[in-house]
Amino acid sequence: MREADYRAPEIGVDNAAHAARLMQLWKTAPGLKGFLSTVDHKQIGIRYIVTAFAFLTLGGIESLVMRLQLAGPNGTLLTPEQYNDLFSTHGMTMIFLYASPILSGFANYLWPLLLGSRDMAFPRLNALSYWIYLASGIFLYAGFLTGNGPNDGWFNYVPYAERTYNPGLNQDFYALGMVFLGISTTLGAANFIVTALRTRAPGMSLDRVPIMIWGTLTASVANLLVVPAVSLAFFLLWLDRQYGTHFFDAAQGGQPLLWQHLFWIFGHPWVYAIVLPAMGMVSDGLPVFCRRPLVGYAAVAISTVATMVLGFGVWVHHMFAAGLPTVGLSFFSGISIVITVPSAVAVFAWLATIWHGRPVITTAFLFFSSMIMLFVIGGVSGFMTASVPVDWQLTDTYFIVAHLHYVLIGINVFPVIGATYFWFPKMTGKFLDESLGRWNFWTMFIGFNLAFLPMHITGLLGMPRRVYTYSSGMGWDTLNLVTSVGSFVLAIGVLLFVVNVVKSLRSGAVASANPWDASSLEWSVPSPPPPYNFAVIPTVASRHPLWEDRLNESSARSSVAHGMLLDAGKETIGTSALHATPDMILEMPEDTSAPFILAFGTALLFVGLLLRLALLAGLGGAVVGLALLVWLWPREELREREPARG
Amino acid sequence: MSPLDYLHSAGRHADIIRPLTWATLTISTLVVVIILVLLWIAVSRARASGGDRETRAVPVERGTSGKRWIGIGVAISSIPLLLTLVWTMVALANISRTPSSSALVIDVTPHQWWWEVQYGSREPSQIFTTANEIHIPVGVPVRVRLHGADVIHSFWVPKLSGKMDAVPGQTNMTWLEARIAGRYAGQCNEFCGFQHAHMAFEVVAQSQADFDAWRAAQLAPAPEPTSPEQTRGRALVEYRCGLCHRVLGTTAGAISAPDLTHLMTRQKIAAGTLPNDATSLASWIRNPQALKPGSLMPNQNLSGQELADTLAYLELLR
């Protein structure tokens with residue numbers, strides 16, 4: 001390292017000239033060029049949120065069509081083939097294209113603001129993971145719209161997914177699409193981990209970060225470990241289908257259960273990965289409306305990590321009926337029962353926070369607090385499936401469908417909508433309408449429970465999952481009708497949310513920097529935040545930087561107005577992993593279209609592989625190579641190479 | 001009581017599971033009610049209702065630590081968890097002890113979208129194959145060996161036993177023992193393609209004497225036709241159906257579809273899709289794709305006379 005690389009950042013307060021300089025450095029160019037090249041985490045975050053919400057809408061429409069088919073016995077609206085495509089695409093959409101990306105969106109938008117930083121650790125990588133998410137989503141939906149959607153459920157069991165039983169392009173779209181999407185998830189996870197560990201504001205030691213950071217960090221570590229398993233599974237499937245490799249073909253010495261292991265080693269940790277960040281949103285949002293800190297911060301943070309650790313040891317509970325040895329089953333059954341404990345920690349922490357707080361019933365509060373209820377219902381039904389003998393009856397009936405929707409809608413959708421009511425003012429500078437919010441909440445809450453609470457009984461009465469129709473006389477007719485009605489009420493609730501967003505963007509009440517009088521750093525900057533987030537890098541002295549004077553837990557005070565200026569270039573501060581001691585100035589990259597072009601090249605590559613057009617795949621590979629070359633070319637301003645001599 | 005519900009049971013295997021299902025269901029319901037009440041009380045202590053202004057108006061306080069909630073809550077929750085854990089292990093052990101004394105072993109091979117059922121014996125002449133209807137004697141444990149043929153299916157008779165998958169490349173075991181005579185609904189429970197919905201079967205539990213009589217009847221070949229219609233019908237069945245189906249005692253000898261030798265002893269056709277009566281049988285043979293789209297049975301395009309002849313012969317297969 002050269003002498004010139006050592007520099008102590010200037011310390012000071014914000015002023016007009018400083019702000020103008022930062023604005024010049026950080027702002028995104030207007031127009032299409034800026035749109036394609038921005039690396040601003042806030043813009044990328046909002047794109048993630050909007051895209052994920054679009055997929056939620058598509059998945060929702062698919063479910064409504066299915067509910068029409070199932071509203072009465074012997075439905076004839078759909079053929080079996082159409083129904084199978086729909087339920088598989090619905091699962092794929094909600095789990096892969098909505099539930100995870102929506103949380104990535106919130107994390108992308110919020111993390112640097114929560115952490116007191118100016119961007120994610122790797123802004124270009126961040127842009128790339130969004131573009132790849134979008135491209136793989138379009139890729140997967142291109143399959144569905146051309147009649148080649150997934151048709152074997154989201155879990156896609158072999159041998160039905162093999163070419164012998166599934167000769168169309170359906171499974172090729174799905175297999176390649178999932179490998180494609182896996183790139184995005186992996187890049188995002190790596191970025192979150194480094195961001196959480198290296199870009200926190202000075203003083204924000206690991207025990208002072210918001211719980212949402214714990215949730216997403218834990219989920220990201222899990223993703224990094226488990227996404228390779230599912231990418232491998234889908235890649236092997238594709239090889240089986242296209243090159244006759246027989247990894248899963250029993251007749252040729254392959255093993256169908258290998259698929260199930262690879263899939264669920266990924267699948268179950270993933271379920272936690274798509275709820276833990278949302279639970280973090282509740283842990284951070286709920287206390288603001290209870291006007292006190294969260295009860296048991298350390299216990300909740302530890303339980304978040306514990307859930308994930310145990311979550312790696314429960315995958316076989318999806319395979320209790322697959323004929324595995326009993327001793328093995330008992331182990332996985334035990335872990336699946338024990339994993340209830342860390343969830344109980346979170347539930348009691350939230351309950352105590354409300355109980356010992358002075359709650360203010362806003363729309364966000366309604367979504368957050370009702371989530372506790374839905375979480376408990378989804379939790380206890382999960383506990384029932386953990387018991388092997390009970391699961392031998394419950395599994396693959398509508399009881400499981402009810403369970404997983406309480407988990408995914410209850411612990412993902414409800415917190416996400418609540419989080420939108422909470423952070424919308426920060427993102428847009430405007431409030432969502434509170435009275436429309438009440439209608440929004442109650443319609444969703446009633447519709448959801450009307451649809452899915454009776455579904456537990458449908459399951460207990462033995463209705464199997466994934467059937468395109470059923471005959472009358474099984475005792476399921478009325479229950480199914482109620483569920484169908486409930487699903488439409490739920491859909492109206494979601495529609496009211498969309499109406500509220502559109503209306504409030506146009507004419508919502510203006511929000512100040514800290515409209516809820518909340519405690520964390522994002523509320524110390526204007527709403528919406530400037531491109532550089534923080535004019536000066538804050539210094540943090542507690543878990544609640546903006547409540548310190550009132551909580552008075554110690555004499556130390558955080559500083560948000562006075563701190564490192566860092567305006568010599570696009571800079572932010574790098575800090576140590578545990579204690580957040582500043583140790584380097586991070587040179588942040590300029591906007592660039594390289595990520596967009598790289599994602600485009602990857603898409604070409606995957607289309608080439610799908611259609612087995614070597615030329616197209618080669619072209620895609622070449623575009624990827626060129627984009628990487630531009631991206632990674634060492635640049636002097638980032639001190640990636642020596643200045644030219646002479 | 002609906003045909004597939006598992007809150008009732010009629011056989012030892014399911015009897016072991018049922019009380020555990022009820023117990024966990026009761027615990028779960030209680031937990032939900034308790035948390036709901038606590039949440040209701042906590043929320044109803046609310047200071048205010050409204051939006052941002054109301055929120056800002058309530059001052060922030062450090063408040064009670066509240067950590068005891070977590071300790072006490074987790075401690076209380078652990079009791080039912082522990083109880084369930086122990087009960088689960090005991091039940092699991094009891095079910096896994098597959099009755100070894102059982103003389104009767106049935107080989108079940110699910111196919112897209114029907115069930116092949118073979119009754120084994122040390123004596124080769126005593127082995128026979130049927131489809132979609134499994135007869136067992138009451139009060140006797142029966143072992144079921146599950147073989148994977150095409151894709152994964154799952155064997156499930158909720159009133160008698162939990163599920164077990166049939167996976168290609170491996171043989172899975174389960175067992176049934178009926179306490180009460182009767183007909184018990186069974187259903188494929190692993191998604192297996194277009195007609196997963198129409199892949200049902202029935203277990204008929206009957207007295208040992210009835211079972212023995214049924215078994216003896218199943219071993220007999222198909223009766224000879226007695227009328228010209230039946231003779232023409234048999235020729236049609238041999239020629240048209242014999243590529244997939246088998247009728248013992250004729251040249252129809254294929255085994256890729258249900259064995260038809262004693263078709264008329266079964267109460268349903270097409271794996272529980274239709275009742276086995278003359279009208280349903282006729283419409284099924286005429287146009288299976290309309291009744292069970294995607295089924296592997298092609299439309300036969302029989303003329304009216306051919307259909308009548310075929311039915312006349314099939315009626316004979318008792």
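These legends cover several close-up views of a predicted model.

Residues are numbered from 1 along each chain as its sequence is written, while chains are lettered from A and ligands numbered from 1 in the order in which they are written. In this predicted model, local features need pLDDT of at least 70, side-chain atom pairs count only at pLDDT 80 or more, and totals for chains, interfaces and linings use all residues.

**View 1. Helices α13 and α15 of chain A pack together.** Helices here are DSSP runs of H or I with at least four residues, and strands are runs of E with at least two, numbered from the N terminus. Helix α13 spans residues 363-386 and α15 spans residues 398-428. They pack at about 160 degrees, with axes 8 Å apart. Axes are lines fitted to C-alpha atoms over the stretch in contact, and angles run from 0 to 180 degrees between N-to-C directions. The angle therefore makes α13(A) roughly antiparallel to α15(A) (over 145 degrees counts as roughly antiparallel). By class, their contact has 18 nonpolar, 9 polar and no charged residues. Ala, Val, Leu, Ile, Met, Phe, Trp, Tyr, Cys and Pro count as nonpolar, Asp, Glu, Lys and Arg as charged, and the others, Gly among them, as polar.

**View 2. Chain B touches chain A.** Here 81 residues of chain B are in contact with 85 residues of chain A (C-beta atoms, placed from the backbone, within 7 Å). Elements of chain B that each supply at least two residues include α1 (12-44) and α3 (67-96). The chain B side has 41 nonpolar, 28 polar and 12 charged residues.

**View 3. A strand of chain A pairs with a strand of chain B.** Strand β2 (residues 360-361) of chain A and β1(B) pair in the parallel sense over 2 bridges. Two strands pair if DSSP finds at least two bridges between them. A:I361 stands opposite B:S49.

**View 4. Domain 1 of chain A meets domain 2 of chain A.** The domain assignment gives domain 1 (31-507) and domain 2 (594-632); such bounds come from an automatic or database assignment. Their C-alpha centres lie 29 Å apart. In the contact, 13 residues of domain 1 meet 11 residues of domain 2. On the domain 1 side, α5(A) gives the most, with 7 residues. That side has 10 nonpolar, 1 polar and 2 charged residues.

**View 5. Strand β2 of chain B pairs with β6(B) and with β3(B).** With β6(B), β2(B) is parallel over 4 bridges. There, B:D107 has B:R145 as its bridge partner. With β3(B), β2(B) runs antiparallel, joined by 6 bridges. B:V108 partners B:V117. β2(B) and β3(B) form a hairpin with 2 residues between them.

How values were computed:
Parallel < 35°, antiparallel > 145°, perpendicular 65-115°, else oblique. Contact = placed C-beta atoms within 7 Å.
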